[in-house]
Amino acid sequence: MYRAPSVIGIGYNAVMPAFSITGLAGQKSLAGTIPVYGAKNFVLPAMAAALILPGETVLEQVPEISDVAVMSDILRELGATLQTADGVLKISAPRLASNIGASAKSLRASVLLIGPVLARTGTVTIPHPGGDLIGERPIDLFAQGFERLGAHVSEDGDRYTFSAPHGLSGGEFFFSTVSVTATETLLIAATLAKGTVVLVNAAMEPEIVALADMLRAAGARIEGDGTPVITVRPVSLVSPPPTTIIPDRIEAATFLALGALAAESLTIQNVRPDHLAAVLDVCERMGVPLSIGTDSITVRAPERLAPIRVRTHEYPGFATDAHPPIMVCLTQADGESVLIESIFDGRLKYTEELVRMGADISLMSPHRARVVGARALQGADIVTPDIRAGLAFMLAAITANGTSRIGNAHLIDRGYARIEERLRAVGVSIEREI
Ligand code: UD1
């Protein structure tokens with residue numbers, strides 16, 4: 001049997017920021033309403049796109065997450081002006097530097113800036129971007145895509161330089177791997193290219209459609225977003241009307257998993273059910289009672305969760321980011337489930353901590369987990385290696401007997417604003433330590 005190498009070897013340390021959660025010992029008592037905030041995975045590309053738009057770009061319903069704060073710092077270092085208040089972020093960038101600083105190492109999504117900075121200034125240098133410990137995250141597609149649009153790409157130590165002093169040309173690019181951020185980066189850059197750009201085997205996530213909508217509102221001529229072939233024709237851009245950040249479908253999926261595990265009745269507000277088809281299908285197959293409205297979903301924990309087979313896939317398939325919360329549901333399902341993680345190599349490693357809490361999960365390969373349930377979980381002290389595993393540990397802790405501490409809370413803050421307040425309001429016993 002495959003054994004994942006430990007990534008959580010640093011161990012729980014009493015001084016790290018942590019959440020302390022007292023579990024419900026399997027009771028299904030959570031009740032009330034929990035709001036979903038703006039999507040992390042749309043606000044970051046929207047902030048990048050603001051750099052190519054004339055005048056001031058206004059983003060509304062911006063979540064107060066630390067990834068937005070880091071991206072804001074990087075934009076300021078590049079010379080942009082940002083103002084933020086009450087969930088509204090205003091960005092203008094009349095002038096732009098070409099050198100993306102070291103802060104980009106802590107934010108994988110900083111790769112989104114390659115497109116606007118290169119298209120605006122003719123050159124961009126960027127350190128190899130950082131991010132979660134969930135497996136290989138290369139940038140070869142970005143290099144190949146920009147080369148196809150006439151840029152020259154070079155590497156010096158851990159810095160990459162992309163240059164196109166005479167602007168980007170039109171052209172057709174085939175993504176050999178479907179990549180969300182590479183699609184977004186090339187889409188933003190293509191709106192400033194001198195010829196027509198055709199992106200083939202593009203990602204189809206709702207965040208890409210939202211980005212295309214934002215650029216179209218500024219005059220861009222984009223067709224085919226939400227399908228595998230996107231065509232972008234040259235045009236002059238104008239200052240756009242305000243853009244509303246779409247609801248975070250991964251938060252919604254996480255709260256659906258929470259409801260399936262522990263809710264008497266939990267209403268999840270500010271959702272786009274049309275963005276959640278794969279997750280709703282998983283909930284239905286597990287036997288979770290749902291009541292789906294136009295922008296809310298009410299979920300109740302069934303007496304018994306049914307075991308299922310789940311495979312992550314690019315949109316409209318089941319999102320890899322929604323896998324860890326659903327994994328916790330599988331540990332509580334009656335019988336044998338299988339979860340296949342098809343996008344990231346390292347993403348199943350966190351399951352060894354669920355096993356420590358009492359789950360019966362065997363990794364058959366780096367991509368396949370066999371889960372046998374239902375197994376009662378015991379509270380534990382855990383250090384999360386990444387944002388999405390962090391939410392899985394929180395859900396496991398809520399279900400468990402006893403108290404858990406989940407260290408590296410700052411990784412959870414990357415994408416979930418005021419999560420403890422929202423969970424406490426529906427009956428979770430949770431405190432932030434430090
Ligand atoms: C985005 C999301 C992230 C989500 C992921 C998959 C944002 C800010 N982040 O990340 O939350 O988990 O989509 O849905 O939107 N790849 C290459 N070469 C490249 C780029 C990617 O081989 O140049 C591979 C990756 O290793 C991975 C696959 O493509 O196996 C998909 O990753 P990708 O869609 O690029 O993820 P991100 O856009 O970084």
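Helices and strands here are DSSP runs, numbered from the N terminus. This is a predicted model.

**Stop 1: Gly38**

Start by selecting Gly38. It sits in the loop between β2 (30-35) and α1 (40-50). Is Gly38 buried or exposed? Gly38 is buried, because its relative accessible area is 7%, and buried means under 20%.

Now show what touches Gly38. Leaving aside neighbours within four places in sequence, its contacts are Gln61, Pro63, Ile245, Ile246 and Asp248.

In sequence, Gly38 and Gly379 are 341 residues apart. In space, C-alpha to C-alpha, Gly38 and Gly379 are 31 Å apart.

**Stop 2: the sheet with β2**

Go back to β2 and select its sheet. This is an open sheet of 4 strands in the order β2-β14-β16-β15, and the pairing is mixed. Which are the edge strands? They are β2 and β15, each pairing on one side only. On average, neighbouring strands of this sheet are turned by 10 degrees against each other, direction ignored.

Zoom in on β15 and β16. This pair is antiparallel, over 3 bridges. Find Leu290, and opposite it you will see Val299 in β16.

Next, bring in α7. This helix lies across β2, β14 (263-269), β15 and β16. Its direction is at about 165 degrees to β14. Then bring in α8. That helix also packs on the sheet, where it touches β15 and β16. Between the directions of α8 and β15 the angle is about 150 degrees.

**Stop 3: helix α8**

Stay with α8, residues 277-286. Which residues of α8 are buried? They are Ala278, Val279, Leu280, Val282, Cys283 and Met286. Show what these buried residues pack against: α7 (249-262), β15 (290-292), β16 (296-299), β17 and α9. Step just past the helix to Gly287, which takes a positive phi of about 85 degrees.

**Stop 4: the sheet with β17**

From α8, follow the contact to β17. Select the sheet there. It is open, with 4 strands in the order β17-β18-β20-β19 and mixed pairing. The edge strands are β17 (309-311) and β19 (360-365), each pairing on one side only. Neighbouring strands are turned by 15 degrees against each other on average, direction ignored.

Pick out β18 (residues 335-340) and β20 (residues 368-373). They pair in the antiparallel sense over 6 bridges. Which residue of β20 is the bridge partner of Gly335? The partner is Gly373.

**Stop 5: α9 against α11**

The crossing of α9 and α11 is right-handed.

Show the side chains where the two helices meet. From α9 come Pro324, Pro325 and Val328. From α11 come Arg388, Ala389, Ala392, Leu395 and Ala396. By class, this contact of α9 with α11 has 7 nonpolar, no polar and 1 charged residues.

**Stop 6: α5 against α6**

Select α5 (residues 180-190) and α6 (residues 206-217). The two axes come within 10 Å and cross at roughly 10 degrees. That makes α5 roughly parallel to α6.

On the α5 side, look for Val180, Thr183, Glu184, Leu187 and Ile188. On the α6 side, look for Glu207, Ile208, Leu211, Ala212 and Leu215. The residues of the contact of α5 with α6 divide into 7 nonpolar, 1 polar and 2 charged.

**Stop 7: helix α4**

Finish at α4, residues 140-148. Its residues Leu141, Phe142, Ala143, Gly145 and Phe146 are buried. What covers the buried residues of α4? The cover includes α3 (114-121), β7 (152-156), β8 (159-163), β9 (171-174) and α5. Last, click on Gly150, which follows α4 and has a positive phi near 95 degrees.

Definitions and conventions:
Residues are numbered from 1 along each chain as its sequence is written. This is a predicted model: local features need pLDDT of at least 70, side-chain atom pairs count only at pLDDT 80 or more; totals for chains, interfaces and linings use all residues. Side-chain values use heavy atoms; hydrogens and water are left out. A crossing is left-handed if the near helix is turned anticlockwise from the far one by less than a right angle, and right-handed if clockwise. Contact means heavy atoms within 4.5 Å. Ala, Val, Leu, Ile, Met, Phe, Trp, Tyr, Cys and Pro count as nonpolar, Asp, Glu, Lys and Arg as charged, and the others, Gly among them, as polar. Axes are lines fitted to C-alpha atoms, for helices over the stretch in contact, and angles run from 0 to 180 degrees between N-to-C directions. Angles under 35 degrees count as roughly parallel, over 145 as roughly antiparallel, 65 to 115 as roughly perpendicular and the rest as oblique. Buried means under 20% relative accessible area, exposed over 50%, partly exposed in between (1.4 Å probe, protein chains only). Two strands pair if DSSP finds at least two bridges between them.
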